[in-house]
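Here's a quick look at some packing in a predicted model. Have the structure open while you read.

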There are 2 protein chains.
Amino acid sequence: MSYRVDRNSGYAQVPAAITAGLSRLNVAPLCVAAGTDIQHEGDAAQTVYLVESGWVASYTDLSQGQRQILYLHQAGDIAGFADLGSKTTTCSLRSQRDSVLFPIPIAMLKSPEFLSGATIAALFEKYAQMQSILMRTLAAVGRMEARHRIVWLILMLHDRVADDTGDEMFEIPLNQSEIGDFVGLTNVSVSKMFSRLSEEGYIERKGSKIVVRRLSDMQNMIGYQSIHYRPEPMFAPAQGRSHKRALNN
Amino acid sequence: MSYRVDRNSGYAQVPAAITAGLSRLNVAPLCVAAGTDIQHEGDAAQTVYLVESGWVASYTDLSQGQRQILYLHQAGDIAGFADLGSKTTTCSLRSQRDSVLFPIPIAMLKSPEFLSGATIAALFEKYAQMQSILMRTLAAVGRMEARHRIVWLILMLHDRVADDTGDEMFEIPLNQSEIGDFVGLTNVSVSKMFSRLSEEGYIERKGSKIVVRRLSDMQNMIGYQSIHYRPEPMFAPAQGRSHKRALNN
DNA sequence: CGGATGTTTGACTTTGATCAATGGAAGTGG
DNA sequence: CCACTTCCATTGATCAAAGTCAAACATCCG
């Protein structure tokens with residue numbers, strides 16, 4: 001697996017090629033406290049946000065007051081990209097934790113100055129990864145029973161947050177109502193499912209943190225396939241080695 | 001809205017900039033009959049497919065035999081992009097109707113030959129649009145009751161297939177079980193919802209085709225916002241003026 | 001301490017799933 | 001042309017999973 005990174009947030013970080021592009025633009029970082037509304041559905045679409053650290057949620061509110069969280073952006077993700085082609089934004093953004101963002105004006109994003117070959121490659125890769133995660137979310141929400149959705153959420157976050165320290169404890173940057181808004185349940189169901197999973201020894205809960213105790217049992221329960229970040233850059237076909245089997249288990 | 005196009009499939013078509021990139025690659029079109037499996041989950045990820053005409057579905061099968069249709073690709077869409085960064089594909093592809101595809105090897109997709117400025121622009125725009133539709137799907141599936149999901153599906157397809165001929169009849173390229181696999185219901189529920197919508201005069205059914213009879217009532221029912229394709233190309237590549245500000249028209 | 005925020009639990013209700021039978025349309029082969 | 005099959009859609013009866021409602025409990029914090 002390799003790909004270790006220093007930061008405590010696991011190995012998610014802004015790809016070097018994007019950092020490089022960014023440095024050419026002279027964009028100032030933006031620090032936001034947890035719970036800040038960064039963008040509201042319907043605003044003019046002018047900026048995308050590259051997450052440097054923290055957690056940001058993309059969500060949308062439906063006509064009958066229900067909310068759907070569409071994506072949890074971690075370090076290295078770009079929020080707001082879906083609105084690149086529209087006049088107004090179609091989703092809202094909110095920081096779930098204290099976060100640092102780089103607001104990139106769309107005009108700049110499209111400038112040749114930013115779009116060097118390596119940066120384009122990194123962006124494509126990022127978008128592919130986000131699309132893949134979105135699709136997995138859709139499959140979980142569309143076709144799994146409540147219990148399995150929660151297991152899926154835990155495994156997905158565990159996967160995205162994983163580091164090699166062996167410390168398996170991590171935090172879900174959502175409260176139970178928000179978890180419900182993410183996986184299509186109510187806070188009550190979420191609470192019940194968590195309690196059951198805890199009773200049955202699949203997870204252990206310490207405050208808002210979680211330890212996965214029976215990882216492979218949970219993976220088997222829902223047939224979970226690990227999200228594998230590519231250990232080698234997309235545009236450097238390079239030596240075959242590495243992820244032979246990264247998958248299953 | 002403008003943007004009329006000749007073909008009978010409404011105004012969806014392959015963006016010119018992508019056609020241009022394609023012509024530099026010498027890719028032969030691939031004709032597939034309706035119901036053909038084009039790619040299976042787990043295959044090596046080597047190719048993406050640009051849809052020239054027809055309908056292609058991306059789907060995934062879950063461990064307990066359930067299927068989730070993730071995306072309906074129409075002319076101009078690219079299927080398989082989510083696997084750009086992985087070794088094996090995470091979704092399967094199937095033609096829902098007779099279709100013509102351009103299989104683009106990923107190595108070629110990444111070649112500078114294909115990736116001219118205008119082609120990059122068109123790809124970004126396409127991905128943004130697909131991400132946006134995926135997010136809307138997720139919101140519908142995650143947070144709407146059965147009846148509203150069906151209404152959403154009809155409106156979404158109506159939107160994507162719309163042309164200006166005033167002929168409001170269109171075909172859903174899915175049978176009722178597949179519709180269920182798309183919006184997270186069973187075929188039985190889908191049948192009941194369609195029957196009710198028809199009784200109530202929202203739609204009219206002629207064989208496998210549909211006419212929307214009370215469009216704005218349906219839009220109000222679920223607070224539907226039209227997917228708006230941008231009336232002008234994002235990078236305005238053709239006439240020199242290139243990337244100045246193309247956006248927020 | 002009081003207030004805000006979030007979680008847990010139980011009683012009850014509802015939506016959509018499941019099961020099963022029926023019917024229709026299209027295609028095939030004799 | 002008629003049996004026969006296959007694939008799909010429809011309908012009704014029943015059931016179960018998750019939603020709703022409401023109250024209690026926990027934590028945190030000034």
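Where does Val151(A) lie? Val151(A) is in helix α4 of chain A (helices are DSSP runs of H or I, at least four residues; strands are runs of E, at least two, all numbered from the N terminus). With 0% relative accessibility, Val151(A) counts as buried (under 20% relative accessible area; exposed is over 50%, partly exposed in between, with a 1.4 Å probe and protein chains only). Leaving out residues up to four places away in sequence, Val151(A) touches Leu197(A), Met218(A), Met221(A) and Ile222(A), where contact means heavy atoms within 4.5 Å.

Over in α7 of chain A (residues 215-222), the buried residues are Met218(A), Gln219(A), Met221(A) and Ile222(A). They fall within an arc of 155° seen down the axis of α7(A), so they line one face of the helix; the arc uses directions from the helix axis to the C-beta atoms. Their cover includes α4, β10 and β11 of chain A.

| Pair | Centre distance | Plane angle |
|---|---|---|
| Phe81(A) and Phe124(B) | 6.2 Å | 85° |
| Tyr127(A) and Phe124(B) | 5.8 Å | 85° |

Phe, Tyr and Trp rings (six-membered ring for Trp) pair with centres within 6.5 Å; planes under 30 degrees apart are stacked, over 60 edge-to-face, the rest tilted.

Residues are numbered from 1 along each chain as written, with chains lettered from A and ligands numbered from 1 in written order. Local features need pLDDT of at least 70 and side-chain atom pairs 80 or more, while totals for chains, interfaces and linings use all residues; side-chain values use heavy atoms, without hydrogens and water.
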